[in-house]
Amino acid sequence: MTPHPDLAAIVHAALEQEAQAMTIDTPSAANRLNRELETRRRNPATTAGLVAAAIIALLALAFWSPWSPKGTQPAGPGPASSPSALSDAPQWPHELNLSTGAVTEVPRTWLPDGYEFGTTLAISPDGERVAVGACLLEPRGCDGESTLSVVSVDTGARTPVSVPPGGGVPGSTWAPDGRHLVYQLSEMPNGIGELYAYDIATGRSTRLTDIPIESASWWSLTWSVTSDGTVLHDRPTTGWSSAGWNVWQVPVGGGAATIRLRDARAPEAMPDGRIAFVVPREGTWEGSAVAIAERDGSLRTVATAASGIGRVISSPDSRRLAYTDGDRTWVIDLATGEKRDVAAGAAAQWVDEETLLILP
Amino acid sequence: MEGLRRLAPRATSVGAPTQIPPDATREDVVATLFDLQYATLVRTARLIVDDVATAEDVVMDAFTSLHRRWHTLRDPNEAHRYLRSCVLNGARSQLRRRRVRLLHTATAAAEPASATDVATDGSNHAAVMAAIRSLPTRQRQVIVMRFYLDMAEAEVADVLEISVGSVKQHSARGLAAVGRALEVTE
C-alpha cells in the first residue's frame with residue numbers, strides 16, 4: 001500500500017500547527033541555562049581540593065584500595081550530626097562518606113580512552129572488581145556506542161564483557177555471589193531492553209527476560225539480585241508506563257519468570273530478605289513513595305517523594321535506604337524514620353555502611 | 001543571556017548555519033545559538049516526547065552538553081548540528097543524566113489537546129496528532145525529522161545512525177498509520 005501523496009503534506013501541516021501552538025519562554029529558559037552553567041563553573045572553584053583528593057586516591061591505590069569495603073575508613077572526625085546536604089554535585093562519579101562528608105572521585109583510569117561514564121558503576125561484593133559502563137564520547141556520547149567491562153580495583157586491568165551484538169548497555173548489577181553480572185541490553189533499532197546474566201567464569205550471557213516487542217516502546221528496567229540468586233526486576237504492564245508496573249522474579253541462571261509484587265517498580269533486594277521498592281505514580285516513570293515488602297508479605301511506606309523517586313538501594317546492614325528523589329539523593333534511617341538530603345546526583349551503591357557511590 | 005556578544009541577527013529556522021568568527025568564545029556561541037534555536041528545538045523535542053517539561057529538559061541538556069563538549073567539536077560551525085542531534089537523540093534517551101523515563105506515555109497521561117485541535121480542521125488535526133503520538137518511538141522520530149524538520153532521508157539516517165532503508169521503512173509505516181487514522185489509502 002502506497003501512502004496517499006497528500007499524506008506527507010497533511011502530516012507536515014499537523015506537526016507545524018502543533019509546534020507553533022506552543023508558547024516558549026526563551027528568556028526564562030536562558031536564565032535557567034545561565035544558572036546551570038554557573039553551577040558547573042562553581043565546581044571548578046573546588047577543583048584544587050578535588051584534584052588533591054583524586055591524586056591522594058590514585059597514590060593510595062599503589063598500596064591500598066579505598067574502593068574495597070575491606071579498606072580503612074577515611075581518617076577524620078567522628079560521625080557528622082548535621083542534617084544538611086553534605087555534598088553538592090562534583091560532575092564525576094565519587095564516593096561520599098556520610099559521616100565526614102569526604103568526597104573521593106572515581107579514578108579516571110577506569111575509563112577506556114575516549115569514553116565517558118555511562119549509567120553503570122558497580123563494585124563487586126568482594127570489593128575487588130568494578131563493573132564499568134562507558135560510552136564513546138564522540139560522536140553522541142551515551143546516545144551512541146557503549147561498552148561494559150570489569151576492572152580490577154587493584155591493578156586497573158580491564159576485561160570487556162562480551163554482550164550480544166547490536167545494542168548498548170544501560171546498566172548492570174552484581175549478584176551477591178559475585179559470579180554473575182546482570183545487565184540490560186538496549187537492542188537497536190527497536191530499543192527493547194532485555195535483561196541478561198553474564199557468568200564471570202564462563203563469559204557467557206543468559207537472557208532472562210522476553211518482553212513482547214509489540215507491546216514495548218523503550219524503557220530501562222530496574223533490577224536487583226537476592227542472596228539466593230533470584231533476579232527481581234520491574235516491568236510495565238503494557239508498553240506504557242502509565243498502565244502500571246509489577247515486580248517480576250526470575251532465577252539468575254534463567255528460567256520461568258513470575259510476578260513477585262504488584263503495583264511496584266524499582267525493586268531492591270535488601271540483605272535481610274526484605275524488598276524495598278518504589279511506589280509507581282501514574283503517567284510518569286518516577287514514583288510517589290518508597291515502600292518495603294516485609295518478610296511476612298505486609299507492605300509499608302517509609303518515605304514519600306518531594307519530586308519523584310527513581311530508585312532505592314539498601315545499606316549492607318539493611319538499616320538504611322538511599323533513594324533518589326528528583327536530582328538529589330536522600331538517606332533514611334528505617335529505625336527512626338529520620339531522613340536527610342545528602343547529595344546531588346543519584347546513589348548507585350553502598351560501598352560500606354557509611355559510604356555511598358554517587359553518580360552525577 | 002545578557003552581556004554576551006551576539007554573533008548574528010535573530011533567525012527562526014533550525015539548523016541555519018551561523019558563521020562563527022574564529023575569536024568567538026564558547027559562551028558567545030552558546031548564547032547566540034540559544035537565542036536562535038532554543039524555541040525551535042523545544043518545539044521539535046515536544047513533538048517527540050509529548051510533554052513540554054521533558055522537551056525543555058532535553059533541550060537544556062543539549063545546550064549544557066554543547067557547553068561542556070565545546071573543545072571536542074571538530075568544527076564549531078557545526079554546533080547547530082550537534083545541538084539538533086543531541087535533541088533528537090536525547091528525546092529518545094536521557095542516559096546522559098541517568099534520568100531514564102518512558103518517552104511514550106499513554107494518551108491519558110499526555111498534555112491536554114491544544115486549542116488548535118478544535119480549529120476549522122480540528123477533527124483531522126486531532127486524529128493526525130493522535131496517530132503520530134501512538135507511533136513507536138523510532139517511527140515518530142523519523143516522521144518528525146522528515147516532515148517537520150524536512151530532513152533528507154540520508155540526513156535522518158546519519159543522525160539516528162540507522163540505514164537509509166530503515167528510514168524509508170519507518171517513514172512509510174508511520175505515514176501508513178496516520179493514513180489509516182484518516183482512512184486515506186491508495
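Contact here means heavy atoms within 4.5 Å. In chain A, among contacts between residues at least 6 apart in sequence, 39% join residues at least 24 apart. This is a predicted model, in which local features need pLDDT of at least 70, side-chain atom pairs count only at pLDDT 80 or more, and totals for chains, interfaces and linings use all residues. Residues are numbered from 1 along each chain as its sequence is written, chains are lettered from A in the order in which they are written, and side-chain values use heavy atoms, with hydrogens and water left out.

**Chain A overall**
- Chain A has 3 helices and 23 strands, taken as DSSP runs (helices H or I, at least four residues; strands E, at least two) numbered from the N terminus.
- Of its 360 residues, 53% count as buried, meaning under 20% relative accessible area with a 1.4 Å probe, protein chains only.

**Helix H6 of chain B**
- H6(B) spans residues 153–160, and B:Val156, B:Ala157, B:Val159 and B:Leu160 are buried in it.
- These buried residues fall within an arc of 165° seen down the axis of H6(B), so they line one face of the helix; the arc is that of the directions from the helix axis to the C-beta atoms.
- They pack against H3 (79–90), H5 (137–147) and H7 (164–182) of chain B.

**H1(A) against H7(B)**
- The axes of H1(A) (residues 7–20) and H7(B) come within 10 Å and cross at roughly 90°.
- H1(A) is therefore roughly perpendicular to H7(B), a term for angles of 65 to 115 degrees.
- A:Leu7, A:Ala8, A:Ile10 and A:Val11 meet B:Leu175, B:Val178, B:Gly179 and B:Leu182.

Definitions and conventions
Buried < 20%, exposed > 50% of the residue type's maximum accessible area, 1.4 Å probe, protein only. Axes fitted to C-alpha atoms, helices over the stretch in contact; angles between N-to-C directions. Parallel < 35°, antiparallel > 145°, perpendicular 65-115°, else oblique.
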